[in-house]
Structure formats: structure tokens, C-alpha cells
Amino acid sequence: EHSPLAREYALWAVRNATAVSGPVRDRIAGLQPVAAVETPELRKMGMKLDLDAATGKLNLIRTGDTPGTRPGPVATVPSA
């Protein structure tokens with residue numbers, strides 16, 4: 001089982017590393033999205049994320065697996 005604070009520790013470590021190092025900031029700025037992560041929380045809500053490889057944007061899509069929802073796009077999340 002993973003630590004519930006693992007995400008916060010990771011964000012804190014990245015913040016500290018980028019605060020003192022220009023090369024680290026440059027390397028992170030050059031990262032490109034690779035894939036959307038499926039989570040149990042989104043699945044419970046009847047939604048999934050889809051990464052548009054051409055634009056690098058995430059699309060939030062209803063899967064229709066939850067009663068009262070229809071399949072189809074919900075929102076587009078611009079890349080950072």
C-alpha cells in the first residue's frame with residue numbers, strides 16, 4: 001500500500017529542486033505528456049482521461065458506465 005502523502009512529498013521535492021537549479025527547471029519545462037492515467041475515482045464517476053497526442057491536451061470523457069450519464073466529451077484541459 002502506498003503512502004497517502006507520497007504525492008505531496010513528490011511535489012515538495014520538485015518545488016525545492018526547481019527553486020535552486022536552473023537546469024532542473026529547464027529539464028522539467030521540456031517534458032512532454034506521454035499518457036493519461038486512469039484512476040479509480042474517475043472510473044467511479046463514469047469518466048476517463050484521453051491524451052490527444054497531436055495537441056498534448058487532456059480530454060475528460062464520460063464513458064456512460066454510470067447511471068444517468070451519456071458517453072461523450074466533457075472538457076478539454078489545456079497543457080501547461
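**Exercise 1. Does Glu8 count as buried, partly exposed or exposed, and at what relative accessibility?**

Solution. Begin with the classes: buried means under 20% relative accessible area, exposed means over 50%, and partly exposed lies in between, with a 1.4 Å probe and protein chains only. Glu8 has 39% relative accessibility and therefore counts as partly exposed. Arg7, at 58% relative accessibility, counts as exposed.

The model is predicted, so that local features need pLDDT of at least 70 and side-chain atom pairs count only at pLDDT 80 or more, while totals for chains, interfaces and linings use all residues. Residues are numbered from 1 along each chain as its sequence is written, and side-chain values use heavy atoms, with hydrogens and water left out.

**Exercise 2. Find what joins the side chains of Glu8 and Arg7.**

Solution. Side chains of opposite charge can pair when their charged atoms come close. The rule for a salt bridge asks for a side-chain nitrogen of Lys or Arg within 4 Å of a carboxyl oxygen of Asp or Glu. The side chains of Glu8 and Arg7 meet in a salt bridge, at 3.8 Å from N to O. By this rule the count comes to one salt bridge.

**Exercise 3. List the elements of the protein in order from the N terminus.**

Solution. Helices (H or I, at least four residues) and strands (E, at least two) are DSSP runs, numbered from the N terminus. The protein has three helices and three strands, and from the N terminus on these elements run α-α-α-β-β-β. Of its 80 residues, 12% count as buried.

**Exercise 4. Describe how helix 1 packs against helix 2.**

Solution. Two packed helices are described by the angle between their axes and the distance between the axes. Axes are lines fitted to C-alpha atoms, for helices over the stretch in contact, and angles run from 0 to 180 degrees between N-to-C directions. Helix 1 (residues 6-20) and helix 2 (residues 22-29) pack at about 120°, with their axes 5 Å apart. That makes helix 1 oblique to helix 2, since angles under 35 degrees count as roughly parallel, over 145 as roughly antiparallel, 65 to 115 as roughly perpendicular and the rest as oblique.

Next, look at the residues in contact, which means heavy atoms within 4.5 Å. From helix 1, Val14, Ala17, Thr18, Ala19 and Val20 meet Gly22, Val24, Arg25 and Ile28 of helix 2. Arg25 is partly exposed, with a relative accessible area of 42%, and, leaving aside neighbours within four places in sequence, Arg25 is in contact with Thr18, Ala19 and Val20.

**Exercise 5. Work out how strand 1 and strand 2 pair.**

Solution. Two strands pair if DSSP finds at least two bridges between them. Strand 1 (residues 47-52) and strand 2 (residues 57-62) pair in the antiparallel sense over six bridges. Met47 has Arg62 in strand 2 as its bridge partner, and Asp50 stands opposite Asn59. In the hairpin, which has four residues between the strands, Gly56 takes a positive phi near 80°.
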